[in-house]
Amino acid sequence: MAKRTVIIAGATGMVGKEILAGLLADDTVAEVHSLGRRPPTVQHPKLRAHIVNFASLPVLPQADEVYLALGTTIKVAGSQQAFRAIDYDANLAVARAAQAAGFKKLGLVSAMGADANSSVFYNRVKGELENALEKMAFEGMVFARPSLLVGDRAVLGQPERRGEKLGLAISKAIGFLVPANYRPIAATAVAKALLSQMPQAQGKTILLSGAMH
C-alpha cells in the first residue's frame with residue numbers, strides 16, 4: 001500500500017496538536033506538511049512546517065488528505081470579524097487550495113452546535129463552513145463535532161477558559177444527567193476519532209461528540 005502524504009492546518013491548537021502527533025506516529029503516513037502562522041513545537045523527520053498567510057496561500061504540496069483544525073474564540077480573536085477570518089475564511093481557503101491540488105479527503109474540527117441557521121454567532125459560522133465544504137468535490141469528508149473541549153491550554157500558551165472549567169466541574173458532579181453529545185470531551189479523543197475515520201472516508205461522515213468519547 002502506498003503511504004499517504006497529509007497536510008494539516010492548525011497543528012499548534014488543542015485538537016490540531018493531537019492530530020499532528022497521531023499522523024507522525026502513523027506508519028502509513030510518509031510525510032506531514034503543517035500550515036500555520038507559526039511552526040509546531042515538535043520536530044520530526046516526517047514533518048515539513050510551512051509558515052503561511054492564510055489570506056494568500058501558496059500552491060500546496062501534493063498530498064492525499066487535509067485536516068482543518070484552525071479555530072479560536074471571539075474573546076481571543078478580539079471581534080466577530082476576526083473570529084470569522086480564522087474559523088471560516090482561513091479554513092475555507094485551505095480547503096479550496098486542497099481541492100485545486102486534487103486532494104481526495106478532508107477532515108474538519110467543527111463544533112457540536114454547528115448550524116448555519118443558528119442565532120448563536122459561533123455556531124452559525126461553524127455551520128456555514130460545513131455547508132461551504134459540502135459543496136466541494138472531495139471523495140470523502142469527515143466533520144468532527146466536539147462539545148466542550150478539555151485539554152491543557154497552558155502548554156499551548158493559551159489562557160484558561162472559565163466556561164470550560166465550569167463545564168468540567170458540572171460534568172464531574174452530574175455528568176450522568178448530561179446527554180453524551182454535550183459532555184466535555186478530551187481533545188485527544190476528538191483527534192483519534194477523526195484520524196480513525198479519514199483513511200476510509202467516502203462521502204460525508206459526521207462524528208457527533210458522544211460517539212467520540
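Residues are numbered from 1 along each chain as its sequence is written. In this predicted model, local features need pLDDT of at least 70, side-chain atom pairs count only at pLDDT 80 or more, totals for chains, interfaces and linings use all residues, and side-chain values use heavy atoms, with hydrogens and water left out.

Q: What makes up the count of helices and strands in the protein?
A: The protein has seven helices and nine strands. Helices (H or I, at least four residues) and strands (E, at least two) are DSSP runs, numbered from the N terminus.

Q: Why is α3 called roughly parallel to α4?
A: The axes of α3 (residues 80–100) and α4 (residues 121–134) cross at roughly 15° and come within 10 Å. Axes are lines fitted to C-alpha atoms, for helices over the stretch in contact, and angles run from 0 to 180 degrees between N-to-C directions. Angles under 35 degrees count as roughly parallel, over 145 as roughly antiparallel, 65 to 115 as roughly perpendicular and the rest as oblique. So α3 is roughly parallel to α4.

Q: Which residues of α3 and α4 meet?
A: From α3 come Q80, F83, R84, D87, Y88, N91, L92 and A95. From α4 come F121, Y122, V125, K126, E128, L129, A132 and L133. Contact means heavy atoms within 4.5 Å.

Q: How do the residues of the contact of α3 with α4 divide?
A: They divide into 10 nonpolar, two polar and four charged. Ala, Val, Leu, Ile, Met, Phe, Trp, Tyr, Cys and Pro count as nonpolar, Asp, Glu, Lys and Arg as charged, and the others, Gly among them, as polar.

Q: Why does N123 count as buried?
A: N123 has 18% relative accessibility. Buried means under 20% relative accessible area, exposed over 50%, partly exposed in between (1.4 Å probe, protein chains only). N123 is therefore buried. N123 sits in helix α4. Not counting residues up to four places away in sequence, N123 touches G113, A114, D115 and S118.

Q: How do you know whether L129 is buried or exposed?
A: The relative accessible area of L129 is 2%, so L129 is buried. L129 also belongs to helix α4. Its contacts, leaving aside neighbours within four places in sequence, are D87, Y88, N91, L92 and L108. L108 lies 21 residues from L129 in sequence, with 9.6 Å from C-alpha to C-alpha.

Q: What makes N53 partly exposed?
A: The relative accessible area of N53 is 48%, so N53 is partly exposed. N53 is in the loop between β3 (47–51) and β4 (65–68).

Q: Why is α1 called oblique to α6?
A: The axes of α1 (residues 14–25) and α6 (residues 187–197) come within 8 Å and cross at roughly 50°. That angle makes α1 oblique to α6.

Q: Which residues of α1 and α6 meet, and how do the residues of this contact divide?
A: M14, V15, E18, I19, G22 and L23 in α1 meet A187, T188, V190, A191, L194 and L195 in α6. They divide into nine nonpolar, two polar and one charged.

Q: What share of the 213 residues is buried?
A: Buried residues account for 47% of the 213.

Q: What share of contacts joins residues at least 24 apart?
A: The share is 68%, among contacts between residues at least 6 apart in sequence.
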